Amino acid sequence: MSLELLSNNKVHGGWHKRYSHSSSVNNCVMTFAIYLPPGVDENSKAPVVYWLSGLTCTDENFMQKAGAFKAAAELGLIIVAPDTSPRGEEVADDPTGSYDFGLGAGFYVNATQAPYAQHYQMYDYVSKELPALINEHFPTNGKQSISGHSMGGHGALVLGLRNPTTYASISAFAPISNPINCPWGQKALCGYLGEDKTAWAQYDSCELLKTVEQHVCPPILVSQGLADNFLEEQLLLPNLKQALSTAGITATVDEHAGYDHSYFFISSFIDQHLAFAASALK
């Protein structure tokens with residue numbers, strides 16, 4: 001698979017690069033960003049942290065606002081940030097133009113419903129196609145962790161719990177924890193997967209925790225701001241805490257007074273999340 005370099009910037013001794021490529025999974029051109037820390041080359045390979053962004057975002061939100069490069073450079077971590085959905089004139093969008101479905105809101109699922117099934121295969125893109133592309137073109141050592149925010153926190157939890165031996169750690173900021181029971185999740189899962197709710201469970205972390213085996217579950221870190229205006233209706237953190245407890249899985253769930261849903265929150269604790277991933281990736 002060939003890559004087209006879109007931009008190239010040196011930062012904290014490493015390089016931030018944006019690429020586009022033709023995706024056979026999503027049947028469109030996709031864009032991703034990658035940070036390569038200093039000293040990484042074919043003789044000194046590094047692990048990867050995949051970052052999944054939230055509703056309305058692209059790869060640029062995290063790379064420009066999170067302030068992650070200094071810690072990534074010091075820890076020797078490659079960061080890869082894919083787009084949040086397929087893009088292009090041929091890609092179906094929400095006919096009403098709403099922000100929480102369609103373009104920018106792929107929800108990291110494999111859609112089964114027309115017209116979205118043709119392009120919205122974000123689960124396979126993030127879990128299979130993109131890692132294969134990254135491992136082919138960049139000096140990775142084969143180890144990887146996954147992290148994300150909001151819709152991307154949902155994606156990180158789902159991918160990590162469904163593929164527990166693939167990721168060394170899972171972390172999430174303000175994740176949509178129980179999408180089958182919140183408005184954002186119900187709209188997305190119904191639109192992409194249809195009305196059969198049994199198909200929704202494979203993309204719900206609270207449901208997945210009922211089946212994951214304790215001894216193979218990677219370490220989990222969740223950070224949540226208590227001034228987040230989406231906390232009660234959309235994120236449903238208490239449901240996640242209960243599901244973790246019922247499953248007998250120990251996770252770190254940090255609740256931070258005064259912090260909201262924005263990148264001000266993410267930038268305040270991103271170093272902790274990267275250090276958490278780096279520790280697991282050893």
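Trainee: Which residue in β9 stands opposite Gly225?

Mentor: This is a predicted model. Strand β8 covers residues 220-225 and pairs with β9 in the parallel sense over five bridges. Opposite Gly225, the residue in β9 is His256.

Trainee: Which are the edge strands of the open sheet?

Mentor: Nine strands form the sheet in the order β1-β2-β3-β5-β4-β6-β7-β8-β9, with mixed pairing. An edge strand here pairs on one side only, and the two that do so are β1 (4-11) and β9 (252-256).

Trainee: What angle does the direction of α8 make with that of β9?

Mentor: Helix α8 packs on the sheet, where it touches β8 and β9. Its direction and that of β9 make an angle of about 155 degrees.

Trainee: At what angle does α3 run to β3?

Mentor: Helix α3 lies across β2, β3, β4 (46-52), β5 and β6 (140-149). Relative to β3, α3 runs at about 55 degrees.

Trainee: Is Leu236 buried or exposed?

Mentor: Leu236 is found in the loop between α7 (231-235) and α8 (237-247). Its phi is near 55 degrees, a positive value in a residue other than glycine. The relative accessible area is 12%, and the cut-off for buried is under 20%. Therefore Leu236 is buried.

Trainee: What is the relative accessible area of Asn27?

Mentor: Asn27 is found in the loop between β2 (14-23) and β3 (28-36). Phi of Asn27 is also positive, near 55 degrees. Asn27 is partly exposed, and its relative accessible area is 42%.

Trainee: Is the peptide bond from Ala114 to Pro115 cis or trans?

Mentor: Most peptide bonds are trans. Pro115 lies in the loop between β5 (78-82) and α3 (122-137). With omega near 0 degrees, the bond from Ala114 to Pro115 is cis.

Key. Residues numbered from 1 in each chain as written. Predicted model: local features only at pLDDT ≥ 70, side-chain atom pairs only at ≥ 80, totals over all residues. Heavy atoms only, no water. Helix = DSSP H or I, 4+ residues; strand = E, 2+ residues; numbered from the N terminus. Buried < 20%, exposed > 50% of the residue type's maximum accessible area, 1.4 Å probe, protein only. Pairing = 2+ DSSP bridges. Contact = heavy atoms within 4.5 Å. Axes fitted to C-alpha atoms, helices over the stretch in contact; angles between N-to-C directions.
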